[in-house]
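I opened the notebook to record what I looked up in this model, entry by entry. The sequence and structure come first, and my notes follow.

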Amino acid sequence: MLLAKVRLADGSIRVGILEDSGVRLIEFIPDDRCQTLADILHAADPQGLALRLADRTSQSVDSAAVSLLAPIDHQEVWAAGVTYKRSQVARMQESESAASHYDKVYTAPRPEIFFKATPNRVAGPGQPLRVRSDSRWSVPEPELALVINPQLQLVGFTVGNDMSARDIEGENPLYLPQAKVYNQCCGLGPCVLLPDGSLPRAATKITLTIHRSGAVAFTGATDVDQMKRQFDELIAWLGRENELATGAFLLTGTGVVPPDDFTLEDGDSVSIEISGIGTLTNPIIKTRA
Ligand code: DO4
Ligand code: MG
């Protein structure tokens, strides 16, 4: 099942189930504790609850008549790093002084996990993502994002974009929070996949395409099986000594890195497709926030 947050033509924001025939809108029960997408995602049986709430009115709208929004409410956004060989190699190249840290963290039991965004820093489908005006070398990072409930259970998946300033990160590893966390630094969407069973890692392809002036400026792909870590392993490390009372999104690292002479520019368009979930597309802006 694909669940999404949508804005209707009248401006109202609703939760819906994405189907081939359109969007089945969910009708929350007044005064009930469940009033948001996150409440559904954090319920004991998200799929069953979504179906029950959609059945209350059986109201469907055409997909073309809605805008999809980032599927986030009050959750924190975290990210894991150096979980793919490609990322380890790229980081070692960009950072002379810290190369050995990236090498070590790729194989160490404890993964790299960092705080990525609050909901107000997240852009949904079609909303702009930002390149820092003080960065000369920035890239998108196409990542599978895990949707985690407050009990640290993996409940779904979405597409994530961990925008990164490689020059700032490479200059000094202590600058990582500034390279990663700023206004409009994180893309999420277009919907949350509630899988039936486990995700087929090898068949789950992540494709990044960057358009510039109407042409493809870069494209690259990987599959989730190239990731060194297991989902449960990353979630367990994230949840160590760390309560996630409002739930969390955990971006699982990038396996696609554009060549070192590539940097995003104002006006680019970044699309990340993950099979089984959908495509997240964002325009890129580079102006002072
Ligand atoms: O250590 C730098 C960040 C790594 C990262 O974001 C990634 O591998 O995706
Ligand atoms: Mg990343």
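**Entry 1: a tyrosine in a helix.** I began with tyrosine 102, which I found in helix H4, residues 99–107, where helices (H or I, at least four residues) and strands (E, at least two) are DSSP runs numbered from the N terminus. At 7% relative accessibility tyrosine 102 counts as buried, the term meaning under 20% relative accessible area, with exposed over 50% and partly exposed in between (1.4 Å probe, protein chains only). I also looked up its separation from leucine 188, which is 86 residues in sequence and 26 Å in space, C-alpha to C-alpha.

**Entry 2: conventions.** I note that this is a predicted model, in which local features need pLDDT of at least 70 and side-chain atom pairs count only at pLDDT 80 or more, while totals for chains, interfaces and linings use all residues. Residues are numbered from 1 along each chain as its sequence is written, chains are lettered from A and ligands numbered from 1 in the order in which they are written, and side-chain values use heavy atoms, with hydrogens and water left out.

**Entry 3: the metal.** Which residues coordinate the magnesium ion (ligand 2)? I find Glu141 (OE), Glu143 (OE) and Asp162 (OD), at 2.0 to 2.1 Å, with donors taken as N, O and S atoms within 2.8 Å of the metal (3.2 Å for Na, K and Ca); water is not among the atoms, so sites may look incomplete. Along the sequence these donor residues follow the spacing E-x1-E-x18-D. Glutamate 141 and glutamate 143 are both buried.

**Entry 4: ligand 1.** The side chain of glutamate 141 also places an N or O atom 2.9 Å from an oxygen atom of ligand 1, and for glutamate 143 a polar side-chain atom lies 3.0 Å from an oxygen atom of ligand 1. In the side chain of arginine 91, I find an N or O atom 3.4 Å from an oxygen atom of that ligand. Taken alone, ligand 1 exposes 280 Å², of which the protein buries 100%; the areas come from the Shrake-Rupley method with a 1.4 Å probe, and for residues only the protein chains shown count as cover.

Ligand 1 sits in the largest cavity. The elements giving two or more residues to its shell are strand E6 (76–81), helix H3 (85–94), strand E7 (112–117) and helix H6 (176–180). Of the 16 residues around ligand 1, those that come nearest are Val82, Ser87, Glu112, Lys180 and Thr254, a residue being near if one of its heavy atoms lies within 4 Å.

**Entry 5: backbone angles.** Valine 82 turned up again here, with a positive phi of about 55° although it is not a glycine. Valine 82 is found in the loop between E6 and H3, and it is buried, with a relative accessible area of 3%. Aspartate 31, likewise not a glycine, has a positive phi of about 65°. Is aspartate 31 buried or exposed? At 81% relative accessibility, aspartate 31 counts as exposed, and its place is in the loop between strand E3 (22–25) and helix H1 (37–41). I then noted a cis peptide bond from glycine 189 to proline 190, with omega near 5°; proline 190 lies in strand E14, residues 186–193.

**Entry 6: a buried arginine.** Arginine 132 is found in the loop between strand E9 (129–130) and strand E10 (138–139), and with a relative accessible area of 16% it is buried.

Key
Polar contact = N/O pair within 3.5 Å; in protein donor to acceptor, adjacent residues only side chain to side chain. 1 Å grid on protein atoms, 1.4 Å probe; cavity = no way out; pocket = protein on both sides within 12 Å on 5 of 7 lines; lining within 4 Å. Sits in = over half its atoms within 2 Å of the grid points.
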